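Here is a short briefing for a reader new to this structure. Look at the model first, then work through the points by topic.

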Amino acid sequence: MKQHTFISLMKPVQDKMYRLALRLLVSKEAAEDATQEVMLKLWSRKEQLSSYNNLEAFAMTVTRNHCLDQLKLKQNNNLRIVHSNYECGETSLQHKVEIQDDLNWVEKIIANLPEQQKTLIQLREVEQYEYEEIAKMTQMNQTAIRVALSRARKKIKEEMIKRHRYGIANN
């Protein structure tokens, strides 16, 4: 495989790999490094890439595994979430601040989820992968994926409800 063929195959997937790495490693720098390292790993296997049915799923699996290895090595202590995927129309500044605050809280809650749930939330809710694709990437049963996602969503919802009800007496 020539370099331009490799680049044309991997270019569409590279952004998704970065977003997954960012979700898992949280630091932009660590995510950029991880994406670059995974691209180098894939380049070193360039002759074998044609044997994979779904190159995108393989690349995402390699990215996920690399990031989990990095987390195990505890090389990423500079954790900070910055999420600017939200755009709103003509709303008040106060509403924008409230929405950004809620997004920050959701990201903090997600960051405290177990690694498996964090990964599944990223793949399903952010990257919009189907359950079948997630099952291939994570080597999990689709039912287990649905259960883990349900638990993660429930935890996020409970924590946000707690946050919004803080200081309000329950009757």
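Trp-105 sits in helix α4. The model is predicted. Trp-105 counts as partly exposed, because its relative accessibility is 35%. Met-160 is 55 residues away from Trp-105 in sequence, yet the two C-alpha atoms are 7.5 Å apart in space.

**Overall build**

- The chain has seven helices and zero strands.
- From the N terminus on, the order of elements is α-α-α-α-α-α-α.
- Of the 171 residues of the chain, 35% count as buried.

**Nonpolar core**

- The largest nonpolar core has 41 residues. Met-10, Met-17, Leu-42 and Ile-145 have the most contacts inside this core.
- At least two residues of this core come from each of α1 (3-25), α2, α3 (55-73), α4 (93-111), α5 (115-126), α6 (131-138) and α7 (142-164).
- Helix α1 gives the largest share of this core, nine residues.
- In soluble globular proteins, nonpolar side chains tend to be buried together.

**Salt bridges**

- The count comes to 11 salt bridges.
- Arg-163 counts as partly exposed because its relative accessibility is 22%. Asp-102 is also partly exposed, at 24%.
- Lys-136 forms a salt bridge with Glu-132, and their closest N and O atoms are 3.9 Å apart. Both residues lie in helix α6, four residues apart, about one turn of the helix.
- Which of these two counts as exposed? Lys-136 does, at 51% relative accessibility, because exposed means over 50%. Glu-132, at 48%, counts as partly exposed.
- Arg-124 pairs with Glu-130 in a salt bridge, with the closest N and O atoms 3.9 Å apart. Glu-130 is partly exposed, with a relative accessible area of 48%.
- A network of salt bridges links Asp-15, Arg-19 and Glu-127.
- Side chains of opposite charge can pair when their charged atoms come close.

**Negative surface patch**

- Glu-29, Glu-32, Asp-33 and Glu-37 form a negative surface patch.
- Asp-33 counts as partly exposed, because its relative accessibility is 42%.

How values were computed. Residues are numbered from 1 along each chain as its sequence is written. This is a predicted model: local features need pLDDT of at least 70, side-chain atom pairs count only at pLDDT 80 or more; totals for chains, interfaces and linings use all residues. Side-chain values use heavy atoms; hydrogens and water are left out. Patches are made of residues with over 30% relative accessible area and no salt bridge: like charges are joined within 9 Å, nonpolar side chains (Val, Leu, Ile, Met, Phe, Trp, Tyr) within 5 Å. Accessible areas come from the Shrake-Rupley method with a 1.4 Å probe; for residues, only the protein chains shown count as cover. A salt bridge is a side-chain nitrogen of Lys or Arg within 4 Å of a carboxyl oxygen of Asp or Glu. Lys and Arg count as positive and Asp and Glu as negative; His and the chain ends are not counted. The place of a charge is taken as NZ of Lys, CZ of Arg, CG of Asp or CD of Glu. Buried means under 20% relative accessible area, exposed over 50%, partly exposed in between (1.4 Å probe, protein chains only). A nonpolar core is a set of buried Ala, Val, Leu, Ile, Met, Phe, Trp, Tyr and Cys residues joined through side-chain atoms within 4.5 Å.
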